[in-house]
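Let's take a look at how charged side chains pair up in this structure. Have the sequence and the 3D view open as you read.

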Amino acid sequence: MTMFKSFSDVSRGTLEAFSEEVRNLNNEDLSFSPSALKKVLLVELTVYAFEKSFGSEKATIDNVWSVFPNYKSLYPASQDEASIEIIRIFFGSNFSHINWKDTVREYLRLDNFIRMYRLGEDEKFIQKSVSVFTERLTHYKTLLNPKTVMPTSREYPPFLTKDKIDNIYFYSSSDSKKNNIKKYMMTTEGGGKRAVPEHLVKEENILKEQLNELRLPQQRKKVPFEILSTNIDEETWKTTAQYINEFIQANKQLYTDEENSRMRDWTAAADIFKLTPTNPTSNKFLYKDKVSIGGIVGAGKSTFLQLELFRLKQLKAKTAVMTVNVVDTLELVYKLHLVGLKAVPLIGKRNMAQHLKNFIKKVKREAARDYQKNPLSELSLQYVLQFFSGVCTAEILADAKESTGSPCVSLYHHDEQFSCPMFDRCGKYTVERQLADADVWVGTQSAFIHTKPNVLVNPYDFTYAELAYEMMDVIYVDEADSVQEAVDGSFLSQNILLGNKDALFDNSFLAARNTLDKRYDFSSSKTSKEWRHFVNETSKVAHYLYELIQDSAYIRREVKNYAFGHHQLLSKITKSLFKKVKQVAKHPFYETMITVDFPNSNEKGDMSLEKVIRKYIRDIDEVKIYSGNAIEQKKQEQDLTEGLLNKILVKYDYSELSVYTGMKEVEKKQLLLLFQFYIYLINFDSHFKYLLKIKHQVENILGEEIPEISSVFKNVKRFLPFLPYAATGRSFQYFFRETHGGEEGSVGTFRTYDYLAVGRHFLMNFSNLFENITQKRDLLWSLCQEPALLKVQSIIISILTWIICWKQQL
């Protein structure tokens, strides 16, 4: 699931109605496949949304596509931004520019009577009357209504009851039809009778009541910004500090002697810092969608944050804090606990043991120092331990030796499915039982973006970031410089392309090629031809890359266990060929070679150069197939590679500047091997990226999804429709990992890092990321505003609205 429904989810009724009307024509000559009708909906809905937003006069092929990159500053004000956002949710990941133009071309080939648009001058869409499915505009208006894409709560099986506690079992996967899964039987604590202990199973009405109190997001009305805002005179945070001191004094008996001895004087702490606006226009600290606060180290930013969290709690606000690492998360949770705030840490499910180990190290280090300045102690460790998830109760009763994925909603009794009634004491729900009534959520950017609460309390399948957007009044970003860098990393995916049974290209792209190879009814389809051809070309050069890696120790050293791309390889080749290269990126040889783009030459590309390289690849093919022996083959390949390099140097008058002819033979051989590897890589890179561009069209004709790059980062992909395309384009880095004793036939895995370059925008604009959709809906939850995003950071970052400094400047 994602936060919003997909096009497939919401268009079934429209597609069925369309198909029914076409069938009722009873004309065999006018039959249309479901994929053709879906293409009609896809194009017409996109064009109609554009017309609603910008008017029909501007609806050209290129203008309509221009809304997908989401560069809002470059197009005029929209009259219906919600419709444009919905189009991006539906189709944003499908449409590169070439995909859109090809889809429109295929749409225009369909019979005129079924289309609502024709193409006029300047490639402008012109709406016309239709004689079939005449109610389509009504359907389109419904599909573009924000209510249509709002998520719906999942339905869960009933809770297991006391009369069915015998012979309960579950599987190692939630999908019991998968291969190689285990079946686990649950037994009583004594290990005898195969049944769930009766005392662990409550009545269903009690369980539902308990679960409703825990389910997220909770229904609450957000506190208006004007109430959260405050005067910036000295008394504001002094008053808050006095409240904290009074709270500590009133609850003194609840603290240990050691904790009491470590308590700071908050009134004195509040007197250390001063908050000053960078552009003084009023004496109020105003909350709005984005606020930035900066200050040098030790100026009082952390003190201000804790005081402000306490002040907002008094106003019944809920807050979240995004931290740099898990240790900082746990430390802040404990500090807030000491001043009476119920803070819950969000800790990712993976590497939990390592997180705890790191915190223990810091506790021991801090406890050995001056306790008045460093309040961490063994007590903090005891407190935060409660937030580390335990073991699933069902797994304990079934004596499962490893985690099965938590059978929260998939317990079985004689093949009848039930939800687990033990969530109220299950170790897996340790944090989930405290989220709903917590004052503050604290977590790293990774925990917010990638992690979700367990299934029973999370019926909408939201990440913590989405839940915070719905529930929190204010989200603080502590040490925003570092968090921003980490968020960028969250939008960097790692995928295995080649080299094992789960590799993306081997497992998905070749499989789709194999399917199309047997679909002779698609023989005339340009999309089918392109997919089969470019998959074959990509596969061929992939084998050539592996051959070089296997045969050359030099190439293995250059690429093994290093992230590399064709830019880095070309940079090294350029430096080897020419003396005293000051700026590689501006060297004419580098500038010439970097523009090569085989399947779809860009405007800067030199087609004649690409033809020369294509001929080189064809010549290499012939050598590999027809050469007499391995030694002769390698010599011929080296001669061809040297011939290609010399042709490029001569063609562009670089030969006189090059030092190639004066190189030693060993250096020449290594350079030629690297150049050969580079030529193979740019072939692979260009062809693979082109396959990604046309993948959606192949999915349309096959009627099934082809897993794509980044597909493993599902929690990140849900945010992409609301973020602009990277202005620098999609950037791939490659990584080769050698395999020893792995799968049969395996040499190593070829991986790619897909850098989307949108993390900064996500963080800076999170507070209003979904505003065009949410502000126009009948609210699922009683929200009155989007959350404020307040960044607390070093003074060296971006534009600041407030500066924290010492009252007494040294």
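A residue is called buried when its relative accessible area is under 20%, exposed when that area is over 50%, and partly exposed in between. That will come in handy below. Keep in mind that this is a predicted model.

Side chains of opposite charge can pair when their charged atoms come close. Searching the whole structure turns up 40 salt bridges. Here are three of them:

| Pair | Closest N and O atoms |
|---|---|
| Glu20 and Arg23 | 2.7 Å |
| Arg311 and Glu308 | 2.6 Å |
| Lys342 and Asp437 | 2.9 Å |

Start with helix α2, residues 12-23: Glu20 and Arg23 sit 3 residues apart there, so about one helical turn separates them. Glu20 is partly exposed at 36% relative accessibility, and Arg23 is exposed at 51%.

Now hop to helix α14, which covers residues 301-314. Arg311 and Glu308 are both in this helix, again 3 residues apart, or about one turn. Are these two buried or exposed? Glu308 has 0% relative accessibility, so it counts as buried, and Arg311 is buried too, with 9%.

Lys342 is partly exposed at 28%, and so is Asp437 at 48%.

Finally, there's a network: Arg154, Lys452, Asp461, Glu466 and Arg718 are joined through salt bridges that share partners.

Terms used: Residues are numbered from 1 along each chain as its sequence is written. This is a predicted model: local features need pLDDT of at least 70, side-chain atom pairs count only at pLDDT 80 or more; totals for chains, interfaces and linings use all residues. Side-chain values use heavy atoms; hydrogens and water are left out. A salt bridge is a side-chain nitrogen of Lys or Arg within 4 Å of a carboxyl oxygen of Asp or Glu. Helices (H or I, at least four residues) and strands (E, at least two) are DSSP runs, numbered from the N terminus. Buried means under 20% relative accessible area, exposed over 50%, partly exposed in between (1.4 Å probe, protein chains only).
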